[in-house]
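Hi everyone, thanks for making time for this. Please have a look at the sequence and the fold on the screen, and I will walk you through a few places in it.

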Amino acid sequence: MPEPADLVPAESQAAFATETAGMATFPKVLRYRLNNFFAEAKVSPKADSTMWGKIALGMAVLAASWITLYIHRPGSWKFLSLYVLGGLAQTFLLLNIAHDSNHNAISTRPAVNKTLNYVFDLCGISSYMWRILHHRGHHSCINLHGEDDAIEGRGLFRFTPHDPRTALHRFQHIYALFLYALFSLEYVFVRDFQSFFFPAHDYLTRTKHPVREYVILFSGKAFYLTYMLVLPILVMQEPVLLVVAAFFMVHLVVGISVVLVFQTTHIIEDTYFPLDRGEFENGVYHVFATTADYATENPMVGWLVGGLNHHVAHHLCPYVCHTHYAPLTRIIKETAEEFGVPYRQHPTMWRAIWYHLTLLKQLGTEN
């Protein structure tokens with residue numbers, strides 16, 4: 001059974017969507033303008049100097065934090081600070097480098113993207129399974145009930161009006177942030193193994209995973225747990241409770257950061273949750289109905305979250321490096337206004353978080 005196509009053209013398809021004659025529809029005009037931006041500016045849609053600088057910085061901070069730990073063997077508070085600094089570097093790498101490489105957005109050379117995608121494994125998450133879940137379980141079915149893995153509440157959350165409501169959901173806006181903080185721990189110890197061996201989606205059941213990916217799964221987990229937990233205890237001789245506490249703190253940071261960056265772009269008060277793929281005549285309209293931006297005028301936010309606050313641009317141009325998103329977002333806003341297509345955005349990330357929690361409260365108390 002063939003996999004469903006993505007909601008927007010893949011890179012090879014989009015490159016040819018530059019016709020100028022007879023363009024009267026919003027999707028065609030928007031696609032032409034987005035592609036034409038790179039042609040007119042004579043720049044590559046892949047990584048620029050800013051992106052390579054971010055890659056170098058993230059890797060350097062992660063390496064420096066661990067080298068300092070081993071060389072200086074600091075006391076408890078300094079150990080905790082350096083360990084958490086490494087966790088912040090992991091968060092930065094996941095949002096800024098791993099995600100882009102997952103979309104082949106960093107380089108025209110597949111080997112470069114593949115290598116950088118192993119940042120996921122460096123952070124304890126299967127890069128192979130993330131790629132499947134993110135592309136097939138999200139990009140091809142944004143906010144689609146029963147298909148989008150990102151809106152699966154697993155009984156703990158009611159993320160869409162199409163899910164059944166339970167008594168527990170009445171409090172989901174209260175406990176959401178606490179459970180979000182456990183997100184990365186679940187990925188490291190549960191989600192990856194569950195997706196490989198006890199798949200919940202048909203597309204995972206139908207997929208025959210290569211043997212090498214099973215090897216990478218177990219070896220990657222072993223490597224991660226060794227350098228994060230085993231070596232600090234055995235080599236640095238740090239107290240077990242201190243190392244475990246530091247490990248837990250890192251995952252609180254990674255978990256809540258990554259979840260909020262993504263949840264505030266799709267699960268907010270005014271986004272739409274379709275029941276089937278045929279509700280929109282074009283995937284571009286689907287993206288605009290289900291996706292929202294935030295803080296697009298704040299370059300610092302975009303720099304920290306890997307441009308994912310420019311989320312409409314990301315879904316329309318997933319193969320483009322995020323350091324190009326800001327000008328693309330301006331094109332998107334102007335074209336949407338010209339054609340009268342609703343474009344959803346919030347001025348700050350805090351406002352987007354507020355509207356996310358507001359929707360959770362509504363879904364927890366209303367049918």
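Let me begin with a cut-off: a disulfide is a pair of cysteine sulfur atoms within 2.5 Å. Please keep in mind that this is a predicted model.

With that cut-off, how many disulfides does a search of the whole structure find? It finds zero. Take Cys321: the closest cysteine sulfur belongs to Cys317, and at 12 Å it is too far for a bond. Cys141 has Cys317 as its closest partner as well, but here the sulfurs are 19 Å apart, so again that is too far for a bond. Both cysteines sit inside: Cys321 is buried, because its relative accessibility is 0%, and Cys141 is buried at 0% too.

In soluble globular proteins, nonpolar side chains tend to be buried together. Here, the largest nonpolar core has 73 residues, and the members that touch the most others are Trp66, Phe79, Tyr83, Ile97, Tyr180 and Met228. Which helix gives the largest share of this core? That is helix H4, residues 76–102, with twelve residues. Let's zoom in on Tyr83. Setting aside residues up to four places away in sequence, Tyr83 touches Trp66, Leu69, Met228, Val243, Ala246, Phe247 and Val250. There is also a second, separate core of 21 residues, and Phe26, Phe38, Val312 and Tyr343 are among its members.

Phe26 brings us to a helix pair. Phe26, Pro27 and Leu30 in H2 meet Val284, Tyr285 and Phe288 in H13. The residues of this contact are six nonpolar, with no polar and no charged ones. How do the two helices cross? H2, residues 26–41, and H13, residues 283–290, pack at about 85 degrees, and their axes are 9 Å apart. H2 and H13 are therefore roughly perpendicular to each other.

My last stop is Thr271, in the loop between helix H12, which covers 240–266, and H13. Is Thr271 buried or exposed? Thr271 counts as buried, because its relative accessibility is 9% and buried means under 20%. What is Thr271 in contact with, leaving aside neighbours within four places in sequence? The list is Asn143, His266, Ala289, Thr290, Thr291, Ala292 and Arg344.

Definitions and conventions: Residues are numbered from 1 along each chain as its sequence is written. This is a predicted model: local features need pLDDT of at least 70, side-chain atom pairs count only at pLDDT 80 or more; totals for chains, interfaces and linings use all residues. Side-chain values use heavy atoms; hydrogens and water are left out. Buried means under 20% relative accessible area, exposed over 50%, partly exposed in between (1.4 Å probe, protein chains only). A nonpolar core is a set of buried Ala, Val, Leu, Ile, Met, Phe, Trp, Tyr and Cys residues joined through side-chain atoms within 4.5 Å. Helices (H or I, at least four residues) and strands (E, at least two) are DSSP runs, numbered from the N terminus. Contact means heavy atoms within 4.5 Å. Axes are lines fitted to C-alpha atoms, for helices over the stretch in contact, and angles run from 0 to 180 degrees between N-to-C directions. Angles under 35 degrees count as roughly parallel, over 145 as roughly antiparallel, 65 to 115 as roughly perpendicular and the rest as oblique. Ala, Val, Leu, Ile, Met, Phe, Trp, Tyr, Cys and Pro count as nonpolar, Asp, Glu, Lys and Arg as charged, and the others, Gly among them, as polar.
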